[in-house]
Structure formats: structure tokens, C-alpha cells
Amino acid sequence: MQEPQYDVSIIVPVHNREKLIIPCIKSINAQTYDRAKWEVIFVDDGSTDKSVEAIESLIDKNINYRIIKREIPSGNASAPRNEGIKASRAKYVFFLDSDDYIDEQLLENGCKIAFKNDSDIVYFKLKGINGRSVATRPFKKPYVEKADIYNEYLLRSLGPMKMFKVKILRDYNILFNPSIVAKEDQVFVVTAIINSHTVSILADKDYYGAIKHEGEHLSHSKINLSILGQIYMDVLWYLYCSDRDFDFKRKIYNALLIRVVETSRDLLNKRKLDKNVLSYFATIVSIFNIHKELFDLSQIYENEKTLTLCFLSGDFESFYKISRDSNLQEPLKSLYLDLEKEFKKYNGCQKVWVYNGKIIVIDFVFKDNKIAFDLEYDKTKKELKIWMFCRNNKSFFESSKFKPLEINQHKLCIFRGDIDKTKIIKTIAKHYEIIFTQGYNV
């Protein structure tokens with residue numbers, strides 16, 4: 001391998017980001033690290049707008065930068081990131097999404113800790129913007145020079161917004177899989193971790209601003225169960241076949257197991273029970289059981305132990321039952337059972353389920369319109385709110401003469417108060433009746 005010319009390459013995949021790329025480039029221009037020691041590789045993935053022109057006009061010309069143009073768009077960030085890895089002339093690569101931004105000291109502080117510890121990977125604390133969800137558990141300590149998979153929860157943050165040693169990526173042929181339409185970054189990061197010996201964490205401040213935008217986003221792709229199952233299967237096989245020692249494999253195995261159990265639990269709270277769900281469950285359970293000797297109950301979170309044991313034993317019935325209400329706390333837990341019993345018999349009711357262990361959701365279908373009621377409980381105020389909205393038609397309630405208690409974008413608050421089962425059921429039933437008999441436009 002040729003001696004690196006730079007310390008780090010920032011790799012930025014770009015597709016139709018003419019306007020959204022501005023904060024990204026401003027944050028690159030503001031970097032405090034010696035500009036002779038790093039480069040930026042923009043990979044334009046077949047943009048049809050003026051993204052390339054925007055980059056050229058905004059980037060500081062004193063920065064070492066290149067623009068690689070792909071004529072045919074790939075559909076996600078995998079192929080552009082791979083182009084960046086192959087083109088890098090640095091010791092490390094850092095992945096930055098074109099609609100996000102970084103702290104001005106990210107490169108300086110990242111390279112400092114990386115070179116001090118000869119790190120294979122450096123994690124940076126993330127900040128979610130506009131409601132974008134980011135992991136928090138790995139970033140409890142401001143600095144971790146040599147992080148542990150279990151103690152620092154490394155598999156809780158599998159986004160690619162990290163520094164990776166290029167030698168590791170090239171020696172083990174670690175690239176993003178363009179054929180995976182979603183979660184391809186998680187496969188990449190786990191594979192990199194399996195081949196890494198030193199992982200460092202910087203969390204003394206927010207280093208990476210992850211922005212959530214409405215509409216198209218490179219990482220926003222739906223994924224079906226068969227693909228999800230194949231992803232976990234591939235990662236586990238890679239782990240099983242690696243030459244890492246037993247204790248290391250055990251830590252990765254159990255950290256993956258926790259993620260899969262939680263993902264499966266959440267899926268069961270969002271999807272109808274059908275043969276695809278059952279097939280997914282059976283496949284994942286079987287692949288984990290191939291090397292069940294790696295299982296260590298002491299590495300499973302206390303509140304997940306029962307669910308994990310049901311999972312490994314293949315006891316779908318118990319797993320399903322526990323998944324439905326395992327994270328839901330009183331007083332919502334009792335309310336959920338009552339609402340499920342009451343509304344599952346209503347015409348058009350699709351399901352009564354729990355979202356993220358915190359919100360009770362009742363889904364109806366009315367003339368192809370997906371009507372939902374969200375019940376949110378504020379423990380501090382001891383107050384319940386019921387929000388009503390249409391998932392696929394945000395203007396559905398616009399012509400209604402009903403005066404909600406609150407409006408949040410296209411959601412209408414129709415109840416606010418104590419948890420009174422009778423009042424809550426009557427409120428939902430009343431609005432259901434109006435919608436299904438009069439179309440709500442009254």
C-alpha cells in the first residue's frame with residue numbers, strides 16, 4: 001500500500017443537494033485542522049440539479065478537494081462512498097452526508113485521538129436536528145481512548161459518521177454493499193468493528209449534526225423482512241468465520257442479539273402477524289442458534305432478558321405476547337388492553353399497537369385514507385393527549401369545522417386530560433363515528 005498523502009479524507013456522497021449542501025460545505029471550510037493534512041472527496045451520484053456548481057462556488061479553494069462524477073445515479077449512498085474509499089489518499093476516511101454538518105474541530109480532535117491510540121475507528125458524538133434520531137449510549141464519557149464493545153455500547157451507534165482506518169478497509173475488502181437498499185451502513189460498520197482492535201470515542205461536545213429533512217434522503221428507504229433477515233445472517237456468518245478470539249466474538253454476538261431482539265420486538269408492534277413475520281423470526285432464531293455457545297445472559301440488559309430467552313428458544317408465541325406490552329408502563333399498559341379490546345371490533349380498524357414503547361396507536365382505514373389516533377402520556381404533567389391525523393393525506397381534515405385543542409402540523413389534538421378510560425374511549429368513538437358516517441368534513 002502506498003504511503004498516505006493525507007491524514008484523513010472527508011468523503012461526501014452527493015445527489016441533488018444544490019440547496020441542502022450549503023451547511024455541509026460551510027462546516028468543511030471552517031475546519032481548524034492544518035489544511036495540508038486532509039482532503040475532501042465529493043462523489044456526485046448523477047445529480048440532475050446544480051449540485052456540482054454549488055460545490056465549486058462554495059468550497060474554499062485553499063482546501064484540497066476533488067469532485068468525482070458518476071453519470072448514472074446508484075439510488076443510495078453505497079456506491080459513492082465506495083468510490084471515495086478507493087480514491088482516498090489518506091490514512092483515514094471520514095463519511096459526511098451532504099445534508100449534514102460537522103463541528104469545526106472534528107478533524108483536528110479526531111486525528112489527535114486517532115494517531116495517539118493508532119485507532120482503527122473513531123466515533124463522534126452526534127446531535128439530531130429537526131427530530132432526527134441519534135444514538136446516545138456510546139457517548140456518556142467525553143473521551144474513550146480504547147472502547148469496549150459491551151461497556152461503551154458500540155453496536156448502539158452503527159451510522160457511518162466515523163473515521164475508519166483505510167488500511168483496515170482495504171486489507172479486509174470492507175465496502176458498502178450497493179445491493180442492500182437500507183441498513184447497508186450498519187453492515188459496513190459492524191464488519192469494520194469485527195476487524196478492528198482499537199476503537200476510540202470523542203464525546204466532549206456535539207461533533208456531527210445529523211439533520212432530518214422532509215422528503216427524499218439517501219438513508220430513507222423501506223426494507224422488507226427478507227432483506228432484513230439476510231443482513232443479520234450475513235453479519236453473523238462474517239463473525240462466525242472471522243479469526244477473532246472467543247471472548248471478542250461473544251461480545252459482538254450478544255450486542256447483535258440485543259439489536260435483533262429489539263428490532264424484532266418493534267416490528268411486531270408495527271406489522272400485522274403474517275407468514276412473512278413468522279418466516280423472518282424462524283430464520284433469525286436459527287442463525288443465532290448455530291453458535292449458541294456465544295450467548296452470555298450477563299451481557300443482556302436486565303429488562304430484555306426474558307424477551308431474549310424467548311427469542312433464542314424459538315418461543316414465538318411468548319415473544320409476541322411480551323413484545324406487545326413489554327415496554328409500555330402503567331397507566332398506559334392497562335389502557336392499551338382496554339382500547340385493543342374495544343376498537344378491534346370496529347369496522348375499518350387495522351390494529352391497536354404500541355409505538356416505541358411509549359405511544360398507543362389505533363389505525364383505521366376509511367375510503368383508502370389511513371386515519372390514526374396517537375395516545376401520548378406525559379409522566380411529568382400526568383396528562384394524556386390524543387392526536388388524530390391522516391397518514392397518507394395531510395389535507396384530509398383541512399375542511400373540517402372541528403376546533404382541535406392543538407394543531408401540530410397536520411395532527412389535531414382532540415383530547416387533553418387525565419387518563420379516564422371511559423372519556424378516552426368515548427372521545428375516539430365519537431370522532432370515529434363522524435369520520436365513518438360523514439367523512440368528517442362537517
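Q: Let's start with helix α7: which exposed residues does the face turned away from its buried side carry?
A: That face of α7 carries the exposed residues Ser226 and Cys241. Here exposed means over 50% relative accessible area, buried means under 20%, and partly exposed is in between, using a 1.4 Å probe and protein chains only. Helices are DSSP runs of H or I with at least four residues, strands are runs of E with at least two, and both are numbered from the N terminus.

Q: And which residues of α7 are buried?
A: They are Leu225, Leu228, Gly229, Ile231, Tyr232, Val235, Leu236, Leu239 and Tyr240. These residues cover an arc of only 165 degrees around the axis, so they sit on the same side of α7. The arc is taken from the directions from the helix axis to the C-beta atoms.

Q: Why does the span of α7 agree with what it should be?
A: Helix α7 (residues 225-241) has 17 residues, which should span 24 Å at 1.5 Å a residue, and its end C-alpha atoms are 24 Å apart. The expected span is 1.5 Å times one less than the number of residues.

Q: Before I go on, what kind of model is this?
A: This is a predicted model, where local features need pLDDT of at least 70, side-chain atom pairs count only at pLDDT 80 or more, and totals for chains, interfaces and linings use all residues. Residues are numbered from 1 along each chain as its sequence is written, and side-chain values use heavy atoms, leaving out hydrogens and water.

Q: What's the mean pLDDT?
A: The mean is 89, and 93% of the residues reach 70 or more. pLDDT is the predictor's confidence in each residue, from 0 to 100.

Q: Where does pLDDT stay under 50?
A: Over residues 215-221, for which the model has 15 contacts beyond four places in sequence. A contact means heavy atoms within 4.5 Å. Where pLDDT is low, the predicted coordinates should not be read in detail.

Q: New topic: which residues touch the most other members of the largest nonpolar core?
A: Tyr253, Phe288 and Phe311 do, in a core of 66 residues. The largest share, 11 residues, comes from helix α8 (residues 246-270). A nonpolar core is a set of buried Ala, Val, Leu, Ile, Met, Phe, Trp, Tyr and Cys residues joined through side-chain atoms within 4.5 Å.

Q: What does Phe288 touch?
A: Not counting residues up to four places away in sequence, Phe288 touches Leu236, Tyr240, Tyr253, Leu256, Leu257, Val260, Phe311 and Leu312. Apart from that core lies another, of 34 residues, with Ile63, Ile102, Leu107 and Tyr208 among them.

Q: Now the strands. In what order do β5, β11 and β7 form their sheet?
A: The order is β5-β11-β7, in an open sheet with mixed pairing. β5 and β7 stand at the edges with a single partner strand each, so one side of each has no neighbour in the sheet. Two strands pair if DSSP finds at least two bridges between them.

Q: How many bridges join β11 to β5?
A: There are 2, in the antiparallel sense, and Ile102 stands opposite Tyr208 in β11. Strand β7 (residues 126-129) pairs with β11 in the parallel sense over 4 bridges.

Q: Are the residues of β11 buried or exposed?
A: Buried: Tyr208 and Ala210 cover one side, Gly209 and Ile211 the other.
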